Amino acid sequence: MIRTENLQKRYPGQNGGEVEVLRGVNLHLPPGSYTAFVGPSGSGKSTLMHILGCLDTPTSGRYVLDGEDVSRLDARALCRVRREKIGFVFQGYQLMSKLTAEENVAFPLMLRGLGESDRLRMARKALAQVGLSGRERHRPCELSGGQQQRVAMARALCADPKVLLCDEPTGALDMDSRNAVLDLLDEMHTQGRTIVMITNDPFVAARAGERMRIENGQIQ
């Protein structure tokens, strides 16, 4: 599902130099795999996640997602790939405060051109899958942190993505909410989705099928 070959990323530095963040990352993550990336701050985890999520492009190297070489796609084509193949779950939930839970979940479907009735029907189904039936009309401020993260997961699932990218999905949650979110990720994994997660929590990383450590822009 995910393959990278000598993936490198450099950013402009001070005084005309460059900062090398990724230093030749080679990955082969098969369909249905569940991988946790761990590593210290500044190791390149977030940069790698942005490239895998088609939010950024590598400076050099190759990235193949679901058989498609996305390394050099333009912004419009990358948007299509994100819309069709990738779901995102962030630590900060990234919900729109003025929208209800079902409206937040349905929003990405609008970008696919679905009508309102179809969007809301699919959003309610996704919310039921994450245990939030009865909370469809609640706004984020009316939900707990764990419930907000489940709304975010429902939003990621609503479009039925092949790949789910999770950036510290439990970092802001208490233990009970953390365990509930991890149980949901386990369920999504059993449904055949490829899951890639960034975390610095050893307990969370242990739930993944495979763990990889990133240090100084390289897989250790």
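Me: Which backbone oxygen lies 3.4 Å from a polar atom of the side chain of Arg193?
Reply: Bear in mind that this is a predicted model. Arg193 sits in the loop between helix 6 and strand 8, and among the residues it touches are Asp160, Pro161 and Lys162. The oxygen at 3.4 Å from a polar side-chain atom of Arg193 belongs to the backbone of Pro161.

Me: And which side chain does a polar contact of 2.6 Å join to that of Arg193?
Reply: This one is a side-chain to side-chain pair. The partner of Arg193, at 2.6 Å, is Gln191.

Me: Is Arg193 buried or exposed, and what is its relative accessible area?
Reply: Buried means under 20% here. Arg193 touches Gly32, Ser33, Leu157 and Met188, among others. Arg193 counts as buried because its relative accessible area is 10%.

Me: Moving on to strand 8, how many of its residues are buried?
Reply: Thr194, Val196 and Ile198 point one way, Ile195 and Met197 the other, and all are buried. Strand 8 is largely enclosed by the rest of the structure, because the buried count is 5 of the 5.

Me: Which residue of strand 8 is the bridge partner of Phe37?
Reply: Strand 3 runs parallel to strand 8, with 4 bridges joining them. Strand 7 is also parallel to strand 8, joined by 5 bridges, and there Asp167 stands opposite Ile198. For Phe37, the bridge partner is likewise Ile198.

Me: What handedness does the β-α-β unit of strand 7, helix 6 and strand 8 have?
Reply: The helix in this unit spans residues 175-190. The unit that strand 7, helix 6 and strand 8 make is right-handed.

Technical notes:
Residues numbered from 1 in each chain as written. Predicted model: local features only at pLDDT ≥ 70, side-chain atom pairs only at ≥ 80, totals over all residues. Heavy atoms only, no water. Buried < 20%, exposed > 50% of the residue type's maximum accessible area, 1.4 Å probe, protein only. Helix = DSSP H or I, 4+ residues; strand = E, 2+ residues; numbered from the N terminus. Pairing = 2+ DSSP bridges. Right-handed = clockwise from strand over helix to strand, strands pointing away. Polar contact = N/O pair within 3.5 Å; in protein donor to acceptor, adjacent residues only side chain to side chain. Contact = heavy atoms within 4.5 Å. Lists of a residue's contacts leave out its neighbours within four places in sequence.
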